[in-house]
Each structure stands twice: as C-alpha cells, then as structure tokens.
There are 2 protein chains.
Amino acid sequence: MTLTSSINNSQRLQLAPLKIPTRLLLGPGPSNAHPAVLQAMNTPPVGHLDPAFLALMDEIQSLLRYVWQTENPLTIAVSGTGSAAMEGTIANVTEPGDVVLVGVSGYFGNRLVDMAGRYGADVRTITKPWGQVFSLTEVRTALETHRPAILALVHAETSTGARQPLSGVGDLCREFDCLLLLDTVTSLGGVPIFLDEWGVDLAYSCSQKGLGCPPGASPFTMSPRAVEKLQQRRNKVANWYLDMTLLSKYWGKERTYHHTAPINLYYALREALRLVAEEGVENSWQRHQKNVEYLWQELEDLGLSLHVQREFRLPTLTTVCIPEGVDGKAVSRQLLNEYNIEIGGGLGELAGKVWRVGLMGFNSRKENVDRLLEALRQVLPK
Amino acid sequence: MTLTSSINNSQRLQLAPLKIPTRLLLGPGPSNAHPAVLQAMNTPPVGHLDPAFLALMDEIQSLLRYVWQTENPLTIAVSGTGSAAMEGTIANVTEPGDVVLVGVSGYFGNRLVDMAGRYGADVRTITKPWGQVFSLTEVRTALETHRPAILALVHAETSTGARQPLSGVGDLCREFDCLLLLDTVTSLGGVPIFLDEWGVDLAYSCSQKGLGCPPGASPFTMSPRAVEKLQQRRNKVANWYLDMTLLSKYWGKERTYHHTAPINLYYALREALRLVAEEGVENSWQRHQKNVEYLWQELEDLGLSLHVQREFRLPTLTTVCIPEGVDGKAVSRQLLNEYNIEIGGGLGELAGKVWRVGLMGFNSRKENVDRLLEALRQVLPK
C-alpha cells in the first residue's frame, strides 16, 4: 500500500491510559453502577444476531415488563440514552397536526414540548411552578379544553424532584380518547409504577438511575392502543433510528437486521434487571423510600429545607433549598474535589436555588447518606 | 410505604448471572474489542459534566479528527450506534425539498435513501450492481442531471465489501455547489481516509469495526460548509437527539446539558482511539491491507473466489462467493457452533450468494486468518 498523501499528525494526541477518579454519584444521574453490572458489561461482545444475544434480548424484554408492571408486547431497550427513548415515544405516535398536550412543571416537560414540535404536533401546555404537580381536576379541564391526541406527563421530574400522581389519569385519557405518555426516567426501579393499571400507553426510562446500570440503553414501551396509532400512520415515522415498525421486527421473532445493538450495554442492562428481579421490585421501591426518608430527616436536622411538599417528593431525587448567603456551586465543587461526591445543581427556574441529591439504584444505601451528610457538615458554613 | 396494588410477577424471570460464549467475530461487525478497551470501559462511571469526563470528551474529538484526517471543529461521538450517526448527517443538513442524490450499490446506499426521504428530501439515485463502484464520469453526469444539494456516497459498503474511490469527487461537489456526505462505517481506522483532502463535508462511522471498540458511541463530523447549511435552516432540525445545534454546545466550550452521555462507552472509545494513535493510523491501514491480502490468498488457494474486483476491495471486509451446491447458512452455523467463529451472510442482492468476512481493528491479525482457514478446511465439502 502506497499512500499518495501525507498524514497530518496535529491531532495525534499521545495519551496515557485512562485514569478517572472514583466518585460517589449522588446527583440526578448517572448513578454508580452495581459492581456486578460493570462486570457483566465487561464480557467480550458477540454478534448482534448471535443466538446467545437473541436470548438475552428476550430476557431484557420480560424483565422490563416486570419492573414497569406491564404486559405490553412492544417493550424493548432503545440503543441510546433516555433522551433517545423519550424522543422515540413522541416520534412513533405523533403525526403532523396531532394535538399533543404536555404538562410542564420542570425541564423535562419543556423538552417534551420541544420534541413534539419537531414532529409537527400542535403542542398545547398546562403549566405549574417547578416542583408542583397537576391535580386530576386540572388534567380534566385541560383535556376538555384541548382535546389532544396525546397527553404527555412526567411521572418523576428529574429537574424538581416532584412525583406526579397518576391515579385516575388513565381513565380520563380513555374518556377523552387520547393516549397517555409518561416520562419514568427517574422513577423506574425506584418508585412504585403500575403502567397497565394506570392506563399508560407510552413510557420511557433510562438505565443509569433506578436500575443501577451505566447509561446508553434505554427502556421503551408502547401499549397495544399506541401500536394501533402507529400502524394507522399515513407516513413513515419521521425518525429511522427510533422507528418501532422496524425495531419491533428486530426485537420480535423476525429478527430483521436494523442496527448493531450496543452489545455490552445490553449485557449490563440484563444484569441490572436481573438484580432488581432477584431483590423484588417492590423491595427495591421500599428500599428507596426508607433511605430517602433517612436523608430527609438528616438534612432537616442540619437545618436545610426541601423544595417539594412532602407528599409529592420522589424517593429517588431530592431537591434541597440552598440557604440564603450560601454559594451553591462552591459547595458542590468542594464536595466533588475534596470528597469525591457528586451532587447536582438546579436547572431552569431552580437554577441557583436548589441542589439535587439522588439516591438511586445501587446508590440508595444508608452508608451513602451518612457519607454525604458527614461531608456536608464539614463544607456548609457553620 | 403501603402499596395499593399487588405485584404481577409473571415476567419476573429468575436468571443466573450472564454466561456468553467467547466468539471470534469475523463477520461484518461488531468485531472483538481490544482487551485494553474492555478494561477501560469497566471503569466506574462519573457524571457527564465531571471535569474529568469533559477532558476526555476533548481528547475523543482530537483523536477522531486524527483518524479521519480532518480539521473540522465539529467532530464528536454520537450517543448511539453507527446508524444514529448516519441519521445525524442526513437530519442536520436536509431540509424539506432539498435534492439529495444517493449512490446506491448496496444495502447502506438504500438506507440513506430511506432516511433522506423521512426528512423530506427529494431523493434521487444512481445505482450499480452490488459490489461495483461509481466512476468519476458517472458522478459528474449525475450531478449535472440532478443538481443536488447533497451527494451521499458510501466509502465502504459493508454489504458488498467494495471501496468507492473518492479522488476528484470533492472537486466535482464544489463545482456543482453541493455537500459531499460519506459513509465511513467500515473504513474508519482500517482504510486510508483523508476527509479534508477529499473535500468531504459530512461523515459518520461506528466504534465497533476498524477502531476495535464495543458498539454504541459513533463518530460524526461536519465541515464548516456543512455547518453553514445547518445554521441557515429555516426550521429546527427534525430530530432532537441528533440536533448538532444542541450537541455542538454540549461538546463545545458552553458544555450545555443535552443528554446523559453513555459514559463507559466513551471511556472505551477514548482508549480505542488512543491505541490507534499509538500505532499510527497509517500503520493501522497497512496492517489491515497486509492481513487481508493474506486472507485473499488463502481463500483463493482453497478454491474460493471473491465477489469484488481486486482494485476495489476493502481491506476490512471481504465478500466470498459461496460455491455452487454449498449451503452457505449451514457453513456459517457450523463455524459458529463448533468453532466459535462468526462470519456474516449476504444481504439484499447478495443474500445466499456470499459470505462476509471482516478483519477489522483488533481482529486484523494473521492468527485470526489462520484460525478461520483451519476451520473452513474442516467445514467446507471436500
């Protein structure tokens, strides 16, 4: 082989092997992965149509149904992060002109608005201050006003730490003949979810929070009602990578080639789900609740107040008000640099006003609360 | 916490920890990852805005520029597989009504047609039998006829093993004022590429072939000319996850939150790129060429013939004609089950007619050729 051109070496960095600090990740995600999950991820990859891999895909589908408490046949992992799964729900059922009603009380409600607009939806919103939730009456009124094809709500608002109650919402959506789309990114595995009982038609999540897995392969599910809307589309889904008419044939019995799955992340996700099934999903929920109540108590004992009203607080993510006169960013930076603990800052309406503390998946353990509180006692001004 | 609903345990599989056979992956991809890459991937995740991670993102950008031989500032890894990066190139520069001209001589040309249509393009094609390539004269004639906004070609057709010559194509695209989009999925790291010298405006690749990394984080680059078209769009990019106006702010100095990157895959990609830089990309190309020539010789000595004319063969992927009377699928199955060696079958026009043998990245080594040939001698009918 003779090269006719000379090589430009200006970007040829000479690097040492990777050295990354070990952090305790108590922010809004990613959380630390379970060691057994990292170990599974390290298994050398096989082909994406290898019989051993196809069996693993089936296991992932079953276990996702279990943690979501759904019987939806179309339950898979999307080969991207939670944001890709989120876009997948919008992309598959939205046709240009569809009225999509979004409940916005945080960053991720706004993102749903942005995404739905890109797929040609006639987007309507109901809004609440960040950290609050919608009442059933408010939802009913909005459905009466807007008559949407899709109602999109955020079960667990990662930007605020609020949990949207779902009881009765699914019945309303059937009464008004619309699909119910639910963001469960910060709830799956850590917060009680009963998708079928709640009448949810589309849901998405991520791997790196309640499931204790690295990010990159993301749960996605569609009810038969939602699949019906997909099948009745006049045009192709306006997104090839997330098109469920294609993906369902790759995950289904046809096994039609679509893309090369991120094999090792699926190894990891399978192990993470296996561990949740071993623990029992209801026990995982209980564990998250117990540890977060301990966190709340300890934070309040330290004189800190919490942003969300108690009955609507998530067990996975807590927003802590930054006290008057305290430099929130300086505290986070000090926790990271001196204690190797990551916590998050506020977004949007809550920027500069709160810290976000996550206790999710493998990280929801008493010793992590103790370690954070010990550090906070050192770092916060007396 | 009291649950008001009972748990459905019907999908609660009780599984043993993961057991996956160790395969030698000599198909069209994924290839085996380098052991050092798997080890780097196993590093516990940090936050996606952690200073240590941001430094790693910069390193990935530089090294991607190096392996592609480009100075494009907008050179990143997309948080999905190669197919997502492929869709990213189309999505960002295609506006409804744009004429997109695609050279189709294999499966991935057809996929570009499908994707471009979903973004509203007025898609035109030039075609060749699978395994052949386009001459410069044919490209010129097509540009004269269709006057496209974008010409999309496949440098390395994974479905056929053919390498499209690029010399002179970039000049033609400037003459006809169109962008040049190039699929380098099966060439990056294994086949000489000089993106800037060739005048390529948009390119994408994957991690799991020539770079020897697991799949899931995928190289993407745009020239300043392509960025200009992006900036002049009348509407938002019709794909939130792959929108480079947002992603360039996450990878750029703003570090604006977009999505939670698949941290561990980026660890892996950084290590894979580091190893290519250590070897020298031109040495990697030479290695691929030398090992594939050995493969071709050995296959021909065995009486097998190759599908692609020698001067257009890829050093990364070889299509081998299945001899008359031989059951191609049975051979592949036997190689997998008895020898733990994966090779690929044909797609589309070549279904049932060829095997696809990859020697890519870490797998491009003489001992792998020997192992495959030893097995083939046993398995093929005498």
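This dialogue considers how two chains of a predicted model are related and how they meet.

Me: How is the relation between two copies of a chain described?

Reply: One gives a rotation about an axis and a shift along that axis. Here, chain B is superposed on chain A by a rotation of 180 degrees with 0.0 Å of shift along the axis, at an RMSD of 0.0 Å. That is therefore the relation of a two-fold axis.

Me: Which C-alpha of chain B is nearest the axis?

Reply: That of G80(B), which is 2.4 Å from the axis. The two copies use the same surface, since 100% of the contact residues of chain B recur in chain A.

Me: How is the packing of two helices described?

Reply: The description rests on the angle between the axes and the distance between them. For α3(B) and α4(B), the axes come within 9 Å and cross at roughly 45 degrees. α3(B) is therefore oblique to α4(B). Their crossing is right-handed.

Me: Which residues make the contact of α3(B) with α4(B)?

Reply: M86(B), E87(B) and I90(B) of α3(B) meet L112(B), M115(B) and A116(B) of α4(B). Five of the residues in this contact are nonpolar, none is polar and one is charged.

Notes:
Residues are numbered from 1 along each chain as its sequence is written. Chains are lettered from A and ligands numbered from 1 in the order in which they are written. This is a predicted model: local features need pLDDT of at least 70, side-chain atom pairs count only at pLDDT 80 or more; totals for chains, interfaces and linings use all residues. Axes are lines fitted to C-alpha atoms, for helices over the stretch in contact, and angles run from 0 to 180 degrees between N-to-C directions. Helices (H or I, at least four residues) and strands (E, at least two) are DSSP runs, numbered from the N terminus. Angles under 35 degrees count as roughly parallel, over 145 as roughly antiparallel, 65 to 115 as roughly perpendicular and the rest as oblique. A crossing is left-handed if the near helix is turned anticlockwise from the far one by less than a right angle, and right-handed if clockwise. Two residues are in contact if their C-beta atoms, placed from the backbone, lie within 7 Å. Ala, Val, Leu, Ile, Met, Phe, Trp, Tyr, Cys and Pro count as nonpolar, Asp, Glu, Lys and Arg as charged, and the others, Gly among them, as polar. Copies are superposed by least squares on the C-alpha atoms of residues with pLDDT of at least 70 in both.
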